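Keep the sequence and the coordinates side by side as you read.

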Amino acid sequence: TGVQTCALPISALVDEEAESDIKAMLEVVGVVRSMRDSYGLKPSQRPVLYVRGRSAEVCAVMTRQKDNVVALAKTGELNVVAQDGEVEKGCGMRPVGDSAEVHLVLKGMVDLDAEIAKLEKSIASKTAELAKLKATMSAASWDKVPANVKEQTTSKHASVEVELTSLSAALETFKELKAAGN
């Protein structure tokens, strides 16, 4: 007798939660790798990483993905903290969209003046983007804009505001580190 085959429903093989977790984990890894590169960290340097989730769900995902983040981002210890959780002093910070922030402990690893200059440039760019979005939203033609475009623009505005707040906090941290002589 022969072997019978039948098509399996592909949807049965898709795990939406796992896909979402991996996507979120890869976003964090991408930001951390970008930070490592921009700070000029050597592959042998394994800074401590903090991921500050803006929701309990994000914190849970990062806790489940801890080992993957550490391996792929080439960091030392990974600490997941809530929105109001404390991170170690001397961290470089970058937002991961508006869902999380990554904080790399950089004490003794980076040029503070260069980092302050980069953050000031990023803040200027985000401030200009925010001003452009505000101008769009306050234009006389705003009433004629389709609802879906209004929603996207409003969402982008809120996201940029969150990123700008995070970048400003990071700038203050580096200025404090420099003033303290670290």
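Buried means under 20% relative accessible area, exposed means over 50%, and partly exposed lies in between (1.4 Å probe, protein chains only). This is a predicted model, in which local features need pLDDT of at least 70, side-chain atom pairs count only at pLDDT 80 or more, and totals for chains, interfaces and linings use all residues. Residues are numbered from 1 along each chain as its sequence is written, and side-chain values use heavy atoms, with hydrogens and water left out.

Start with helix 5. Helices (H or I, at least four residues) and strands (E, at least two) are DSSP runs, numbered from the N terminus. Helix 5 holds 34 residues. From first C-alpha to last it reaches 50 Å, close to the 50 Å expected at 1.5 Å a residue; the expected span is 1.5 Å times one less than the number of residues. Its buried residues include Thr153, His157, Glu163, Leu167 and Phe174. They pack against helix 1, strand 3, strand 4 and helix 4.

Take His157 in helix 5. His157 counts as buried because its relative accessibility is 12%. Contact means heavy atoms within 4.5 Å. Beyond residues up to four places away in sequence, His157 touches Leu130, Leu133, Lys134 and Met137.

Trp142 sits in the loop between helix 4 (112-138) and helix 5. With a relative accessible area of 14%, Trp142 is buried. Trp142 and Ile123 are 19 residues apart in sequence, and their C-alpha atoms are 26 Å apart.

Now move to Glu115 in helix 4. Is Glu115 buried or exposed? At 4% relative accessibility, Glu115 is buried. Leaving aside neighbours within four places in sequence, Glu115 is in contact with Ser38, Tyr39, Val110 and Phe174.

Phe174 opens the way to the core. A nonpolar core is a set of buried Ala, Val, Leu, Ile, Met, Phe, Trp, Tyr and Cys residues joined through side-chain atoms within 4.5 Å. The largest one has 36 residues, of which Val69, Val102 and Phe174 touch the most other members. Helix 1 (16-39), strand 1 (49-53), helix 2 (56-64), helix 3 (66-73), strand 3, strand 4, helix 4 and helix 5 each supply at least two residues of this core. A second, separate core of five residues includes Val81, Val87, Cys91 and Val105.

At 45% relative accessibility, Leu26 counts as partly exposed. Leu26 and Asn68 are 42 residues apart along the chain, with 9.0 Å between their C-alpha atoms.

Finish at the largest pocket, with a volume of about 370 Å³. Of its 18 lining residues, Arg52, Val87, His103, Ala169 and Thr173 are the closest to its centre. Strand 3 (91-96), strand 4 (100-105) and helix 5 (147-180) are the elements that give two or more residues to the lining. A pocket is an open set of points on a 1 Å grid over the protein atoms alone, where a 1.4 Å probe fits, with protein on both sides within 12 Å along at least five of seven lines; lining residues have an atom within 4 Å of a point. Points are joined across faces, edges and corners, and the volume is the space filled by probe spheres set on them. Helix 5 gives the largest share of the lining, seven residues.
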